[in-house]
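Good morning, and thank you for coming.

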Amino acid sequence: MSELRQNLVTKEWYVIATGRARRPDDFVRRKPRPRLPRRSSRCPFCAGNESLTPPEVGRIPADGKWQVRVVPNKFSAFSPEGPADRHVDGLYRWAAGVGVHEVIVETPRHDLIPSQISLEQLRLIMRMYLERYAAALEDNRVQLIILFKNYGEAAGTSLIHPHSQLMATPLVPTHIRYRIEEARRYYDEVGRCVFCDSLSIEVEEKERVVWENDGFLVFSPYACGAPYEVWIMPKRHIPCFSMTTQKELDQLAETLFVVHRKMHALLNDPDFNYVVRVTPKDERYGHAFHWYIKYMPRLTKQAGFELGTGMYVNTTLPEDNARYLREVKVPVS
Ligand SMILES: [Zn+2]
Ligand SMILES: [Zn+2]
């Protein structure tokens, strides 16, 4: 029989329907990725093609050849200029589309897949995430900042060069507001952060834990909508991404290094998205919220049921997924 499970943090319900036993083999990527050159003359993110992008807003190192580079998105969804005006038009509301939209170019190399990026490079990328996050916080029009990576066509990207994105919006979308309210309600009721509590449960029950180091826990959420979805959560209570220490950033880099390799080993370099889920700016000193990364291989598609109900059907059991991922041994450096 299938099972409906509610996520403790988001309060969302998921259908866990493992009618036919699914093994990792059922999800392994079969389509080979194209062979890529180290450098492409047409790619705006390749070293040597810097003139093809808008002027850079961040780089590591500061001088000489760059290792990580940040540029405004040429096709930005938000305008960097102008006030964050809101308007009332009868019963309708609208707001100026101002905000930040940046591309974090993760390496000068065109051809690296996520599991080939070195630990040292991931450390630089995480450092850049923090730097740009802190810069976006300074923009007083910004309410919510998200960092994310789309990898592969099923994740919604056609741009091959390794990159992630930062977007900052002038308002807080409804589903984020909803989970903030739920987290606050939980804090009011039990006096603890719901994220810290879910960490305790996972550490105690062990069966959904995939991997951990001193700073981070990787686990398959008890209730989630996608096969092999994992959450990467700081063990310390950190409400806002900007409060992450340099040491924790290094631990995060190590965690991503391992997760990329485990996913590759088990599912053959799957398409995926990850999103750094953060606290909106005005809430960042609270006790109720805690940032984390949702890492989701793109192995299935949404259909009418998902659209109609907002409930996702997961054809795998999170406990099984965690076990498969846990058992894949990969190097940690
Ligand atoms: Zn390139
Ligand atoms: Zn917490």
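This is a predicted model: local features need pLDDT of at least 70, side-chain atom pairs count only at pLDDT 80 or more; totals for chains, interfaces and linings use all residues.

The site of the zinc ion (ligand 2) is tetrahedral, with angles of 106 to 113° among its 4 donor atoms. For reference, the ideal angle for four tetrahedral donors is 109.5 degrees.

Which residues coordinate the zinc ion (ligand 2)? They are Cys193 and Cys196, each through SG, together with His237 and His290, each through ND1, at 2.1 to 2.3 Å. Along the chain, these donors follow the spacing C-x2-C-x40-H-x52-H. Cys193 belongs to the loop between α2 (174–190) and α3 (194–205), and His237 to the loop between β12 (230–234) and α4 (246–267), so this pair ties together parts that are 44 residues apart in sequence. Turning to accessibility, Cys193 has a relative accessible area of 5% and is buried. His237, at 26%, is partly exposed.

Let us move to the other ion, the zinc ion (ligand 1). Its protein donors are Cys43 (SG), Cys46 (SG), His110 (ND1) and His161 (ND1), and they lie 2.0 to 2.3 Å from it. The site of the zinc ion (ligand 1) is also tetrahedral, its 4 donor atoms making angles of 103 to 117°. In sequence, the spacing of the donor residues is C-x2-C-x63-H-x50-H. Which distant parts of the chain are linked by Cys46 and His110? Cys46 sits in the loop between β2 (13–16) and β3 (58–60), while His110 sits in the loop between β7 (100–105) and α1 (119–137), 64 residues apart. Are Cys46 and His110 buried or exposed? Both are buried.

I now turn to the sheet. In this model, 10 strands form an open sheet with antiparallel pairing, in the order β3-β4-β7-β9-β8-β13-β14-β12-β11-β10. The edge strands, β3 and β10 (209–212), each pair on one side only. On average, and ignoring direction, neighbouring strands of this sheet are turned by 20° against each other.

Glu212 has Leu217 in β11 as its bridge partner. The helix α3 packs on the sheet here, touching β10, β11, β12 and β14 (292–297). The direction of α3 makes about 70° with that of β11.

Next, a single residue, Asn314. It is found in strand β15 (residues 312–314). Asn314 counts as buried, because its relative accessibility is 0% and the cut-off for buried is under 20%. The side chain of Asn314 is joined to that of Thr316 by a polar contact of 2.7 Å. Leaving aside residues up to four places away in sequence, Asn314 touches Val15, Ile16, Ala17, Cys224, Gly225, Ala226 and Pro227.

Finally, consider Glu327, which lies in helix α6 (residues 318–327). In contrast to the buried Asn314, Glu327 is exposed, with a relative accessible area of 51%. How far apart are the C-alpha atoms of Glu327 and Gly97? They are separated by 46 Å, and the two residues are 230 residues apart along the chain.

That concludes my presentation, and I would be glad to take questions.

Methods:
Residues are numbered from 1 along each chain as its sequence is written. Chains are lettered from A and ligands numbered from 1 in the order in which they are written. Side-chain values use heavy atoms; hydrogens and water are left out. Donors are N, O and S atoms within 2.8 Å of the metal (3.2 Å for Na, K and Ca); water is not among the atoms, so sites may look incomplete. Four donors count as tetrahedral if all angles lie between 85 and 135 degrees; four count as square planar and six as octahedral if opposite donors are over 155 degrees apart and all others between 65 and 115; anything else is irregular. Helices (H or I, at least four residues) and strands (E, at least two) are DSSP runs, numbered from the N terminus. Buried means under 20% relative accessible area, exposed over 50%, partly exposed in between (1.4 Å probe, protein chains only). A polar contact is a pair of N or O atoms within 3.5 Å; within protein, one must be able to donate a hydrogen and the other to accept it, and residues adjacent in sequence count only if both atoms are side-chain atoms. Contact means heavy atoms within 4.5 Å. Two strands pair if DSSP finds at least two bridges between them. Axes are lines fitted to C-alpha atoms, for helices over the stretch in contact, and angles run from 0 to 180 degrees between N-to-C directions.
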